[in-house]
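Hello,

Here is the structure I promised to pass on to you. Please have a look at it first, and then read my notes below.

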Amino acid sequence: MEKVTRDLLTQTLLDMGVSAEFAELEIPRDEALGDLSTPVSMRLARVLKRPPTTIAGQIRESMLARGAGLFKSIDIAGQGFINLTFSDDALIAELKRLLQQQEAYCREDIGRGKRVQIEFVSANPTGPLHLGHGRGAAVGMALANLLQEVGFGVQREYYINDAGVQIEKLGQSVFARYRQLFCDEPEYPFPEDGYRGDYISELAESPEIRDFAGRSGLCYSEFKDVADTIKELSCSLMLREIKRDLTDFGVTFDSWQSERELYRSGLVQSAIAFLRSKGLIYDSEGAQWFKSAAFGDDKDRVVVKQDNQYTYFASDIAYHKQKLDRGFQEIIDLWGADHHGYIPRVSAVLQGLGLPSEGFNVLLIQMVTLLRDGRPVQMSKRAGDFVTLRELIDEIGPDTTKFLFLTRRHDTPLDIDVEKAKAQSSENPVYYVQYAYARINSIFQKAISMGIDPYEPNSISGFNEDERRLLKKALLYPMTLRSAALSREPHRIAFFLHELAGLFHPYYHKHRVITEDALLTQSRLALCNAMRIVFGHGLRILGVSIPQKM
RNA sequence: GCGCCUGUAGCUCAGUUGGAUAGAGCAACUGCCUUCUAAGCAGUGGGUCAGGGGUUCGAAUCCCUUCAGGCGUGCCA
């Protein structure tokens, strides 16, 4: 409905010789003013050098003439706002279109098939997922669903950092723990900066490690002799755990990319050679440097150290080059906010490889601070003191956890008081939304039991004021979807759904849907069906379950 | 020192990308279950949008500045 209006406004502006980008519609704060409004005439006043009210008058005449019954009225208010009010006939016609097209009604093709890759979570397989990863998982999944819904070709990827010193430390930690537990060496030295969480013991106790230990005589080995297998086993066991957590959280990936695989297949070497051939890598002070300063970074960055070892940056170069080689036109990475300093150099790489700077988008997932008794808890994987995603899911459920993360902008720091989250979980906003859906379903069940088909309303009469408000909100849902997609902010959908439920519940309480009046019943069922479609669509995008009853 | 993020009701957060009189949830208080689900509804109270200046028809939103918190600033990953 907003799209039809926007197209109309755009045409009107083009006829006046004005660029289409001025065609912006918004929902007035005060609904008495109208259904949609545009401040366009005030913006044009400066450009056209005419008073805003004069311009507004011209736009009004043109839109009324073109609109053909779409509007009940178009008013000019204040300093030049144009307020549009839809006619009842137009709302009903639009409702019928929604019911006919179902979820397709919600989708506007914004992506036009553009291939975009979203990489998220990508936690090192050196420990369980914590709350920050959970936030990234919820946001990344919702964003992927959202973009897919508006016409992008989306791939969801998890990058596995299974090479380098962190994995080395993981292996050492597991090795040391095994010796302490099973080799009668309780004093066996634990690595200084090893991982100390309980999960290390669990790894050491796992059948896989114990089986290998039995075969290799681990109690009599040096770490370096068994390092490769210990590391690989620990890593894959940890990854299995992570995958299980994600699955239980309802988050899935299309692709898992291993860092080690980049080295094995020679992609790191060839990527650097490629950059060198383009003159973007040079030698200095015995190291090899990438010219990132040429693309906006503060300084050039080392990719191969003096000792001939690759830096972490080297594999990231290969990784991001490979993303381009796989044909993605837009690359979205979700990173923890503590990596923000890393953005310019990766952006530099992609620009050096020919990707326009707007093709690379990093969503910084701000820190999740955990509070206990109102005081922040230091979360450190190495100290082993942190609250896992698993723990929170088990306590309050995946839907509540997701909604907790999705009712915030991703780039604002978030405090979670676990005790409060547990206490409030039964009053969580997610239930408010799900409950609305379940109630509609319940009405439909009742209708069916009475021999009425709620999905096939054959006639729709007029609507009262409450119904009009509800209907209008549902019909304008695509507007939220569009802005959420364009701004890459899935949380807007969560808030929309909560607002829609906030209209539905009072309506439900005030009016009966199924009454003696057959025509009225048909109309109200049609309205409920529209709500059902929108709630279902929104919840599906957020990755939240859609309960038929509660 | 420099860079990025943040500061909105007692708490946790939105605020349509510069629009009209700043909004929700939780917490507190008062009512409402014989009806299609009370995980609900109706109502009450709660604000110097961190402070100051600027830009313009119009600022919580943009610019400058001060204050406060977080993060970053490796030939670590």
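**Around the RNA**

In this predicted model, 68 residues surround RNA strand B, and the closest are Arg 408, Arg 409, Tyr 435, Ser 442 and Ser 487. By class, that surface has 26 nonpolar, 21 polar and 21 charged residues. On the RNA side, 59% of the atoms within 4 Å of the protein belong to sugar or phosphate, and the rest to bases.

Arg 43 places a polar side-chain atom 3.3 Å from a base nitrogen of RNA strand B. At His 491, a side-chain N or O atom is 3.1 Å from a phosphate oxygen. The elements that give two or more residues to this surface include helix H2 (40–48), strand S8 (287–290), helix H17 (429–449) and helix H20 (491–510).

**Strand S8 and its partners**

Strand S8 is also joined to strands on either count of pairing: four bridges link it to S7 (residues 281–284), and three link it to S9 (residues 301–304). Both pairs run antiparallel. Ile 281 has Phe 290 in S8 as its bridge partner, while Trp 289 stands opposite Val 302 in S9. The hairpin of S7 and S8 has two residues between the strands, and Glu 285 there takes a positive phi near 50°.

**Domains**

Chain A is divided into domain 1 (2–86), domain 2 (115–161 + 253–426), domain 3 (165–249) and domain 4 (428–542). The C-alpha centres of domain 1 and domain 3 lie 66 Å apart.

Best wishes

Notes
Residues are numbered from 1 along each chain as its sequence is written. Chains are lettered from A and ligands numbered from 1 in the order in which they are written. This is a predicted model: local features need pLDDT of at least 70, side-chain atom pairs count only at pLDDT 80 or more; totals for chains, interfaces and linings use all residues. Side-chain values use heavy atoms; hydrogens and water are left out. A residue is near a molecule or strand if one of its heavy atoms lies within 4 Å of it. A polar contact is a pair of N or O atoms within 3.5 Å; within protein, one must be able to donate a hydrogen and the other to accept it, and residues adjacent in sequence count only if both atoms are side-chain atoms. Ala, Val, Leu, Ile, Met, Phe, Trp, Tyr, Cys and Pro count as nonpolar, Asp, Glu, Lys and Arg as charged, and the others, Gly among them, as polar. Domain bounds come from an automatic or database domain assignment. Two strands pair if DSSP finds at least two bridges between them.
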